[in-house]
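Dear colleague,

I am handing over the structure below, and I would be glad if you could look through it before we next speak. My notes on what was found follow directly after it.

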Amino acid sequence: IPSRVKAICQYAFNWCTSLRVVHIKNGVESIMHRAFYKAISLQEVHIPESVTVLGSCAFELCECLKDVFVDWKSFPDFIKDNDNLFTGVCLKYVTLHVPHGTIEMYKSHPSFSKFAVIKEID
């Protein structure tokens, strides 16, 4: 998703069956509520540091999700307390990739702490 896009709207990829990998470019600011709701083929998503709004249930029921890459070195205000970003996703099979030196921050977040595997990116 190119950086000229500022927001990924609610239900933008609702029930998308062919989307496997999503690289959201730096510059995108918002991923709204259920933007990727039941994107049943989605396996990998990259969320840049520029995203300051991540709506509840943004990745709800993305059952094939395997890898989530996030670039935040500190959580934006609209993400700090969001505890239902990955509703219906079995996170024990998904790897969360985070910036070097931030693993403890992600382990204490209400949504990201649910990942069984959290790895730091160099």
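In this predicted model, three strands make up an open sheet whose order is E1-E3-E5, with parallel pairing. The edge positions are taken by strand E1 (7–8) and strand E5 (53–54), and because each of them has a single partner strand, one side of each is left without a neighbour in the sheet. Between strand E3 (residues 30–31) and E5 the parallel pairing runs over two bridges, and Ile-31 has Leu-54 in E5 as its bridge partner.

Turning to the charged side chains, how many salt bridges does the structure hold? There are three salt bridges, and I take them one by one.

In one of them, Arg-34 pairs with Glu-60, with the closest N and O atoms 2.4 Å apart. This pair links distant parts of the chain, since Arg-34 sits in the loop between E3 and E4 while Glu-60 sits in the loop between E5 and E6, 26 residues apart. As for accessibility, Arg-34 is partly exposed, with a relative accessible area of 23%, whereas Glu-60 is buried, with a relative accessible area of 9%.

Another salt bridge is formed by Lys-38 and Glu-63, whose closest N and O atoms are 3.7 Å apart. Lys-38 belongs to the loop between E3 and E4 and Glu-63 to the loop between E5 and E6, so the pair ties together parts that lie 25 residues apart in sequence. Lys-38 has a relative accessibility of 16% and therefore counts as buried, the cut-off for that class being under 20%, while Glu-63, at 49%, counts as partly exposed.

The salt bridge between the side chains of Glu-104 and Lys-107 has an N to O distance of 4.0 Å. These two residues are three residues apart in helix H1, which means that about one helical turn separates them. Glu-104 counts as exposed, at 54% relative accessibility, and Lys-107 counts as partly exposed, at 45%.

Tyr-11 has a positive phi of about 60 degrees although it is not a glycine, and Trp-15, which is not a glycine either, has a positive phi of about 55 degrees. Tyr-11 is located in the loop between E1 and strand E2 (21–23), and Trp-15 likewise lies in the loop between E1 and E2. Tyr-11 is partly exposed, with a relative accessible area of 33%, and Trp-15 is also partly exposed, with a relative accessible area of 47%.

A last point concerns a histidine: is His-109 buried or exposed? With a relative accessibility of 2%, His-109 counts as buried, and its place in the chain is the loop between helix H1 (103–107) and strand E8 (117–121). Leaving aside residues up to four places away in sequence, His-109 touches Phe-75, Ile-79, Lys-80 and Asn-82.

With kind regards

Conventions:
Residues are numbered from 1 along each chain as its sequence is written. This is a predicted model: local features need pLDDT of at least 70, side-chain atom pairs count only at pLDDT 80 or more; totals for chains, interfaces and linings use all residues. Side-chain values use heavy atoms; hydrogens and water are left out. Two strands pair if DSSP finds at least two bridges between them. Helices (H or I, at least four residues) and strands (E, at least two) are DSSP runs, numbered from the N terminus. Buried means under 20% relative accessible area, exposed over 50%, partly exposed in between (1.4 Å probe, protein chains only). Contact means heavy atoms within 4.5 Å.
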